[in-house]
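Student: Could we go through this model together, one question at a time?

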Amino acid sequence: MYAGLKVWQIAAQDLELQDNLSFKLQIPPVIAQILINRGITSPEEAEAFLFHTLADLSDPWELPDMTRAVERIMRALQLGERILVYGDYDVDGITSTALLTSVLHRLGGQVSYYIPERLEEGYGLNKSALDWLKKEVQADLIITVDCGIVSCEEVAYANRLGIDIIVTDHHQPGLEIPPAVAVINPKVAPSSRLQNLAGVGVAFKLAQALYKVKSLPPVNGTLAGDTLDLVVLGTIADVVPLTGENRIIVKYGLPSLTASQRPGIKALMQVAGLEGKLLTTGQVAFGLAPRLNAAGRLGSAAPAVELLLTTSEQRAWELANKLNRENEERQLVETQIYREVCARVEKEIDLTKEKVIVLASSLWHAGVIGIVASKITERYYRPSILMSIEGDKAKGSGRSISGFNLFKALQSCEQLLLKYGGHHQAAGMSLAVENIPRFKDMLNEYADEVLTSDKLTPILTIDAELRLEQINAELYKQLEKLEPYGTGNPEPILCCRGVKLAEYRVVGKNGNHLKAKLIDKNQEMDAIGFNLAPLLNNFQVGMTKPVVDAAFTLSENEWNGRSKLQLLLKDLQRLEPVPREFTKLNGYIAAFLDKLLANARLGIICIIKAPLRRICTGLADFLQRHMLMYGLQVIKVDGQNITHHVNPESLIGKVIVTTEAAWQKLQAIFPQRCVEIFDYACFFSEASYRPNIYDERGTEKTKRLAEMVDSGEKIVVYFNYREAAFDQAERLVRLYPSFQDKIKVFFGNETLTEHFTFKDSQVVFTNQFLEFYNWPEITARVFFEPPFSLEEFYLRTYSAHTSPVYLLWNDEDVVTNEEVLKAMFPDRIFLMNLVRVLKTLPNGQPLNILYLAQQLNLPLKRLGIIKLTSGLKILSELKKIYRKDKAYYPLDIAGEVELEQSAYFTEGQIEFAALVAFNNSAFPWEATMGVG
């Protein structure tokens, strides 16, 4: 198990749906939420999921070509023709072969089976096998199971040999369908609700149809129910989604498997140490399936089929022990290769530069490299391809991670490959040995383009957050209703936040596992984390009960005849609160930042909405400074850059600071289950706001400021513009040289450490929101230039309490603010004139800024260029023009321009309204408090 950093993505609670399902089905809200997380949102769907029976199995004739297949098989049975079941060497193929062989034998058929050799023949039908089967077996009818859908050429060849073929398969068909008597495959009919059946599930449906035609009675509650033990074994082993038909098969098949009277299955359970136990999906997947698989990996799979078919207990015991020994041999080979691969990864591969692990050796067994690749991918959370070299060719097997389509990656290198196939998570290939280095380079070049750094951190999906006191036997009983677990219905992962980790230690033969107790108030629970011992590196030796967030599944641990609930840990994340002593953050804001950090660990996108762009920028700058030290990315999204942030999946676990206008456009594309929205007011407590205002507007402000500096008091002076702040500082130093060491200008380019040297400066000139910090030594705040809104004024004076706030700006400063805002947010008239000019220009040619400025009578000064650039950004957002290589190009100027669809333009409307309201309205304190 990957024990590095994981991003937690906790499902958002849908309280309305929860209440509806909980009330109508009489289930706890947490169970209702888990169903919602699985896409089950109606009471009818939930009832079918929780309370279905074998009677809900589909009619076998829903599958294509079922009638034709049954008719041909019945004719073969009546005529005494030789029938051969042609299978595959994995567990799905082995159980499919055993199932159909036993069914046809029961129906009186002359039936035999054939499994190709993995290393010598490969997967599926092959002409050499067909020749042999015609000559030696004299087969009249071949029925494929778990293969055949892409064997068009081989089926045509069989037809020429006089052999009829019925294909039963569940794999994806190619462009052509084989020319068989019948092709039973749910994926041939995309509308079929049986799309997810395993190969053995398709064979089971054929068996049900044959039983129905032969008027055989139901067994174990369904037609062909005597084969359910084989169906469940193959279905679980093939890792198909356990939803719909598969869920019914597995739910009712597991008891049949546990109680199976097949000598082979009884012997297999005995050698696996599972005799007498009520089997779970995990025990089947990791106990029984690997022993059946081992035969086909290292040699012939025929003994595994024989084991499932034999009626002799003695022969079953012999075969089960043989498979067990082969599985142990497979494990030894696998472990040896795994250790060698790990050593080579550590020695040869720089994972900071290479995103795909590619290694090859002539010593690696081709039958097990796929299993090892899976473990390597799990350990390093990187796509991995391992290759077995034989002579001048290499045969490889690969596994991938979420977000990296391995099949497409192979397509990008197909000129180097002799053969390849697979899907987004797993694939196989062969190539010349001499091409391996170039193959490795090309794969990593492809990965550099598509595999961004955020995709290299695994996401842990969590179903619900609970308090430790909510975890009890009743909850465990309710969770059991959701079983069986598997692909499509994973075991629910829960989490508890802010619990104490006690008695934690390393356990296990190799020291791989973590054992601990989780404590919250008076509740205490045992916890075990398999292969999670490396997580203890995050805690200092001797640390007493560190506080953690814990993700886990719930299990029942049986020991000495007693059972006790136990948490199976999936991850632990140590809580590291923002260091208030260092940052001087006030406690209310520090607590809010702790909340952002906790959400990031859960994979939640935190949206902080600000009413105005200027405030949005200030908040983003503040958060970026503080969250960087924790590796938490803070992104500002407003009208200027909204088109760059349209993929919410890339924003998982990040903090987005945005304006109300931008959020109105963004919110529709964000997955609501992983978003938490905050208003910028969250940064402030509910303490009363009563600043002590001294209105000295109209005085000679430079002289008044000099008096304040000369007084020796520590003051913060607010400026809007960097140039004005530096000019004023230089002017004061020229007039009063003693001020040289008293004044510091802070406009956002300084590092965070430099930020906290302000306590050594008497006077700070800034545009930053220093109100987020505790500055008890600051005795006064001075507005040398006016803010742009009442919201900004409140923000800057929020923590002033009873210390004085001086207003020094004049009418000229007010006019400057208006002119700047008009440049930053051009009005409707200017934009319509810009559109008029653009319509006269040829398409495909870059826009000439100087020409546009001349046509619009704009002065070629700073504010004029800002106004024109802002107008072009608005039209770019509306897709009337586009930007390429630092130039703008016309795109679609025809038609009406709906400015209200632009977040940038809407922000401007809001900013202007706020500025007008600030300039024209009496300050609130003038009506309630008087002016000092």
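Tutor: Two strands pair if DSSP finds at least two bridges between them, and strands (E, at least two residues) and helices (H or I, at least four) are DSSP runs, numbered from the N terminus. The model is predicted, so that local features need pLDDT of at least 70 and side-chain atom pairs count only at pLDDT 80 or more, while totals for chains, interfaces and linings use all residues. Residues are numbered from 1 along each chain as its sequence is written, and side-chain values use heavy atoms, with hydrogens and water left out.

Student: Which residue is the bridge partner of Lys636 in β21?

Tutor: Strand β21 covers residues 655-659 and pairs with β20 in the parallel sense, over four bridges. Within β21, the partner that Lys636 bridges to is Val657.

Student: Which are the edge strands of the open sheet?

Tutor: The open sheet has four strands in the order β20-β21-β19-β22, with parallel pairing. The strands that each pair on one side only are β20 (634-637) and β22 (675-679).

Student: At roughly what angle do the axes of α1 and α2 cross?

Tutor: Axes are lines fitted to C-alpha atoms, for helices over the stretch in contact, and angles run from 0 to 180 degrees between N-to-C directions. Helices α1 (residues 15-25) and α2 (residues 29-37) are therefore roughly perpendicular, a class that spans 65 to 115 degrees. Their axes come within 8 Å and cross at roughly 115°.

Student: Which residues of α2 does α1 meet?

Tutor: Contact means heavy atoms within 4.5 Å. From α1, Leu17, Gln18, Leu21 and Ser22 take part, and they meet, in α2, Pro29, Ala32, Gln33 and Ile36.

Note on methods:
Angles under 35 degrees count as roughly parallel, over 145 as roughly antiparallel, 65 to 115 as roughly perpendicular and the rest as oblique.
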